Amino acid sequence: MLYYIDIVDACNLRCRTCVRGQRKVKNSQEKMSFSRFKKIVVKAKEKGATTVGLYNWTEPFLHPEINKFVKEVVDNNIHCVLSSNFSLSEMSTLIDTLEAGVSELSVSVSGFTNDIYQINHSGGDIEVVKRNLTDLAQYLSGSSLDIKVYVKYLEFDYNREQISAFREFSESLGLNFQVYPASGDPLTPVLNDFSTTDEITVDVREIGSSEKSLNPCALLFDVIALDCKGDAYLCCAYGNFENCRIGNFLEMDYEKMMLSRLFHPKCRTCTLFRRNPTNRDLTDIGRWFGKSFFGEDFIGLDSESSRKQSVVYSTEATESELENEALKRSITEYENKIAALNRSVVKRDADIAVLNKRIGDIMSSTSWRISSPLRLLKGILQKDS
Ligand SMILES: C[S@@+](CC[C@H](N)C(=O)[O-])C[C@H]1O[C@@H](n2cnc3c(N)ncnc32)[C@H](O)[C@@H]1O
Ligand code: SF4
Ligand code: SF4
């Protein structure tokens, strides 16, 4: 489970394809308190967090103590990832933050020269970004830190021509370069199809009109987004708007939070990121319902097999263990089916061989050789008469 947690409530830039950049979500001075953060990490871990990103709709390096937050995540044996615009003239916390144990750092860019970069990254300066990247590369070359740094090039139609220049620059510094298809269009700003406080109304006729509109969404089942107050939102795709606020992560019962997200009207007509339900999805839904309606002791559904499955999940098996178990079960099932098919093919081949031999024996027998011309003659006579 991936948690995106904003530790500040602001960004220094005004990206034209971002709800924060366009101030659809306004900047404030608010920051997450460290004591609240520690409690959130404990609960997130209890509820299956494997990775925490200290960003969602903000710039994480605006928090002056970001390194402390990273360390707290890592001390709880959870991966910590960051994404930054790096367009900050002062990054005095960068090295301490990396040394606190960041596993992955993405640096988002959208052009190699300012005339292109600033089309989307309004308010930013790509020369500052390049300088910070150069300092970072220099530091990494003399350090033994195990951290993956990606220069994340957000690809739009108008900035494709500068991809190769940025790739060359990144590779010359020994940094990974990644082209990422961007959503939205900075040339026709912005964005979001509903305002921050409007009630969301859904036309019931639309529900189920898309084949997958009732299927699980990866952003709902695998990702949880919290703002710097610790409030949980529907998902990380639409921005922290009031009408997508679910409740406070620490104060709210986890299962109720998940169910409230599951039944959120926005999800019913949104067609993003759907997948066919996995065993894990179904068991999760069962568990959320079970816990909400029947309390702590409820372990699952009725049949013996689902009871067993629920027990496995409640032992906090990791996602990869669960995937592997499910995978192993379906591989064994298919292997059994193939073996049964092979057995029936072999048996049919044997039956055909026996039949062939019997036909061969009959046709080469004396009685067949004598009787066949007579049977032929009888047929001709019957036809003539
Ligand atoms: C909203 S940003 C917040 C983190 C940080 N301020 C940054 O820009 O990297 C979260 C992620 O969204 C990505 N992002 C920003 N604009 C995007 C766009 N138009 N399409 C797709 N991803 C985008 C960024 O690369 C970043 O990894
Ligand atoms: S830097 Fe990140 S958070 Fe800030 S406006 Fe751009 S995409 Fe949004
Ligand atoms: S279906 Fe849409 S609204 Fe619902 S969680 Fe997924 S991306 Fe968000």
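Q: How do the residues of the shell around ligand 2 divide into nonpolar, polar and charged?
A: This is a predicted model. In the shell around ligand 2, 5 residues are nonpolar, 3 are polar and 2 are charged.

Q: Which residues surround ligand 2?
A: Cys 11, Leu 13, Cys 15 and Cys 18 are among them, as are Arg 20, Gly 21, Trp 57, Thr 58, Glu 59 and Asn 85.

Q: And by class, what does the shell around ligand 3 have?
A: That shell has 10 nonpolar residues, no polar ones and 1 charged residue. Lys 266 is one of the residues around ligand 3, and the cysteines there include Cys 217, Cys 235, Cys 267 and Cys 270.

Q: Which helices each supply at least two residues of that shell?
A: Those are α7 (218-221) and α9 (265-269).

Q: Turning to the strands, in what sense do β4 and β5 pair, parallel or antiparallel?
A: Strand β4 (residues 104-109) pairs with strand β5 (residues 148-155) in the parallel sense, over 6 bridges. Ser 108 faces Lys 152 of β5 there.

Q: What about β5 and β6?
A: β5 also pairs in the parallel sense with strand β6 (residues 176-181), over 6 bridges, and Val 151 stands opposite Phe 177. With helix α6 (residues 163-172), β5 and β6 make a right-handed β-α-β unit.

Notes:
Residues are numbered from 1 along each chain as its sequence is written. Chains are lettered from A and ligands numbered from 1 in the order in which they are written. This is a predicted model: local features need pLDDT of at least 70, side-chain atom pairs count only at pLDDT 80 or more; totals for chains, interfaces and linings use all residues. A residue is near a molecule or strand if its C-beta atom, placed from the backbone, lies within 6 Å of it. Helices (H or I, at least four residues) and strands (E, at least two) are DSSP runs, numbered from the N terminus. Ala, Val, Leu, Ile, Met, Phe, Trp, Tyr, Cys and Pro count as nonpolar, Asp, Glu, Lys and Arg as charged, and the others, Gly among them, as polar. Two strands pair if DSSP finds at least two bridges between them. A crossover is right-handed if, with the strands pointing away from the viewer, the path from the first strand over the helix to the second runs clockwise.
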